[in-house]
Amino acid sequence: MSKARAFLAAAANALLIFIIFVLRYSCGVTLGIGQAVPVILVPLVISCAIFYGENAAMLAGVFAGVLMDSSAASGSWFNTLFLTLGGLVCAFLSARVLNRNFKAAICLSVGFSFGYFFIKYLIFFVFKGIPVSYDYFLLDLVPSAV
């Protein structure tokens with residue numbers, strides 16, 4: 001890929017991440033069903049990981065994570081760290097272990113989403129000792145991952 005095409009692809013992905021972030025966090029476009037609200041930036045980071053490799057996955061994860069953390073109520077770096085590391089892992093798996101096809105993308109996206117919501121549940125609720133019922137995990141977080 002030439003440098004001009006690589007720059008154009010990176011600019012298009014960054015613009016897409018920014019547009020989805022603005023639609024989600026300021027306009028309220030969530031694509032949610034009931035209490036289940038998916039994080040649309042997660043599959044976008046995974047698509048960058050699958051199609052553009054480790055460096056692009058890391059940059060897309062950092063950019064999407066910083067944007068998500070900038071609008072989060074807590075002052076943590078959870079989204080930045082998880083999206084960056086998860087993007088790198090998905091890029092590594094898609095390049096060396098899995099094929100670059102639709103089934104592999106679906107498997108990576110579902111696994112990444114479940115991991116995101118499960119670790120978020122553990123860090124922000126279980127480890128902090130906040131009493132949250134098991135129903136919250138089953139009725140809100142698991143459907144959001146799906």
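This is a predicted model: local features need pLDDT of at least 70, side-chain atom pairs count only at pLDDT 80 or more; totals for chains, interfaces and linings use all residues.
A crossing of two helices is called left-handed if the near helix is turned anticlockwise from the far one by less than a right angle, and right-handed if the turn is clockwise. Residues are numbered from 1 along each chain as its sequence is written, and side-chain values use heavy atoms, with hydrogens and water left out.

Two packed helices are described by the angle between their axes and the distance between the axes. Helices are DSSP runs (H or I, at least four residues) numbered from the N terminus, and their axes are lines fitted to C-alpha atoms over the stretch in contact, with angles running from 0 to 180 degrees between N-to-C directions. By this description, the axes of α4 and helix α5 (residues 102–126) come within 11 Å and cross at roughly 150 degrees. The two helices are therefore roughly antiparallel to each other, a term applied to angles over 145 degrees, and α4 passes α5 in a right-handed crossing.

Residue burial was classed by relative accessible area (buried under 20%, exposed over 50%, partly exposed in between; 1.4 Å probe, protein chains only).

A search of the whole structure finds 1 salt bridge, defined as a side-chain nitrogen of Lys or Arg within 4 Å of a carboxyl oxygen of Asp or Glu. It is formed by the side chains of Glu54 and Arg96 (2.6 Å, N to O). Because Glu54 lies in helix α3 and Arg96 in helix α4, the pair ties together parts that are 42 residues apart in sequence. Glu54 is partly exposed at 27%, whereas Arg96 is exposed at 53%.

A nonpolar surface patch of about 580 Å² is made by Met58, Leu59, Val62, Val66, Trp77 and Leu81; patch members have over 30% relative accessible area and no salt bridge, and nonpolar side chains (Val, Leu, Ile, Met, Phe, Trp, Tyr) are joined within 5 Å. Helix α3 (residues 54–70) contributes the largest share of the patch, 4 residues. Trp77 is located in the loop between α3 and α4 (78–96) and is exposed, with a relative accessible area of 55%.

Notes: Patches are made of residues with over 30% relative accessible area and no salt bridge: like charges are joined within 9 Å, nonpolar side chains (Val, Leu, Ile, Met, Phe, Trp, Tyr) within 5 Å. Accessible areas come from the Shrake-Rupley method with a 1.4 Å probe; for residues, only the protein chains shown count as cover. Angles under 35 degrees count as roughly parallel, over 145 as roughly antiparallel, 65 to 115 as roughly perpendicular and the rest as oblique.
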